[in-house]
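Reader: I'm new to this one. Could you walk me through it, a question at a time?

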Amino acid sequence: MTKQLLLLVSNMSLNREVAQRQDRAKTILASLGIDYIEIDGADPENKDARIELFEISGRPLQYPQFFLVEDVRETSFLGDMEEVEAINDASSLPQDVLQANPNVLTWDRVMTEQDNEIIFLMSSTPGNLKTMQRQQRAQMLLNARKLPYFCIDGA
């Protein structure tokens, strides 16, 4: 099954930070030789695609966003710039570290077919608000990416 990376950008953004993140995203992908499809969310001709991608990610008006398109045209949300930079950083970790941490996303793991099972360790009685928010965000990301997982309550 072939995967294609899709990059959602806004070429009309007046926000300097957004423009810098988009340039950084393109630089990372070019340096790794990763082919991608770029969709300009600001282009009126891409309105339907933009709306669909925002629904998939659950993050409207945020640029850039990264998606994976499968052979069967199933699109899943990969992440935003922060998450993609984490994937990029993890990709340079030594092999022994990656083997000891099979759930760490790298470009090789993202772009190849894998049947890894994700175990989500959480607490039904988190000690503070920050922990609860982190758990909710992690679960939201798993759901947005349509990744199968099961929860274990560590409480």
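This is a predicted model: local features need pLDDT of at least 70, side-chain atom pairs count only at pLDDT 80 or more; totals for chains, interfaces and linings use all residues.

Reader: How many helices and strands does the protein chain have, and in what pattern do they come?

Author: Helices here are DSSP runs of H or I with at least four residues, strands are E runs with at least two, and both are numbered from the N terminus. The protein chain has six helices and six strands. Going along the sequence, they come as β-α-β-α-β-β-α-α-α-β-α-β.

Reader: What share of the residues of the protein chain counts as buried?

Author: Buried means under 20% relative accessible area, exposed over 50%, and partly exposed in between (1.4 Å probe, protein chains only). The protein chain has 155 residues, and the share of them that counts as buried is 35%.

Reader: Which residues touch the most other members of the largest nonpolar core?

Author: A nonpolar core is a set of buried Ala, Val, Leu, Ile, Met, Phe, Trp, Tyr and Cys residues joined through side-chain atoms within 4.5 Å. The largest one has 15 residues. The elements giving two or more residues to this core are β1 (3-9), α1 (16-32), β3 (65-70), α3 (81-90) and α5 (107-111). The members that touch the most others are Leu5, Leu7, Leu29, Phe66, Leu78 and Trp107.

Reader: Which residues is Leu29 in contact with, beyond its neighbours in sequence?

Author: Here we skip anything within four places of Leu29 in sequence. What remains is Leu5, Leu7, Ile34, Tyr36, Phe66 and Trp107.

Reader: What covers the buried residues of α3?

Author: The buried residues of α3 are Met81, Glu83, Val84, Ile87, Asn88 and Ala90. Their cover includes α1, β3, β4, α4 (95-100), α5 and α6.

Reader: Which parts of the chain does the salt bridge of Arg59 and Asp80 tie together?

Author: A salt bridge puts a side-chain nitrogen of Lys or Arg within 4 Å of a carboxyl oxygen of Asp or Glu, and for Arg59 and Asp80 the N to O distance is 3.0 Å. The two are 21 residues apart in sequence, so the pair ties together the loop between α2 (47-57) and β3, where Arg59 lies, and, on the Asp80 side, strand β4 (residues 75-80).

Reader: Which residues do salt bridges with shared partners join into one network?

Author: Glu83 also bridges to Arg59, at 3.3 Å, N to O. This pair links distant parts, with Glu83 in helix α3 and Arg59 in the loop between α2 and β3, 24 residues apart. The bridges that share partners make one network of Arg59, Asp80, Glu83 and Arg137.

Reader: Is Arg59 buried or exposed, and at what relative accessible area?

Author: Both Arg59 and Asp80 are buried, and Glu83 is buried too, at 11%. Arg59 counts as buried because its relative accessible area is 8%.

Reader: What is the relative accessible area of Leu61?

Author: Leu61 sits in the loop between α2 and β3, and its phi is near 65°, a positive value in a residue other than glycine. Most residues other than glycine have a negative phi. Leu61 is exposed, with a relative accessible area of 72%.

Reader: What is omega at the cis peptide bond that joins Tyr63 and Pro64?

Author: Pro64 is found in the loop between α2 and β3. The bond joining Tyr63 to Pro64 is cis, with an omega of about -10°.

Conventions
Residues are numbered from 1 along each chain as its sequence is written. Side-chain values use heavy atoms; hydrogens and water are left out. Contact means heavy atoms within 4.5 Å.
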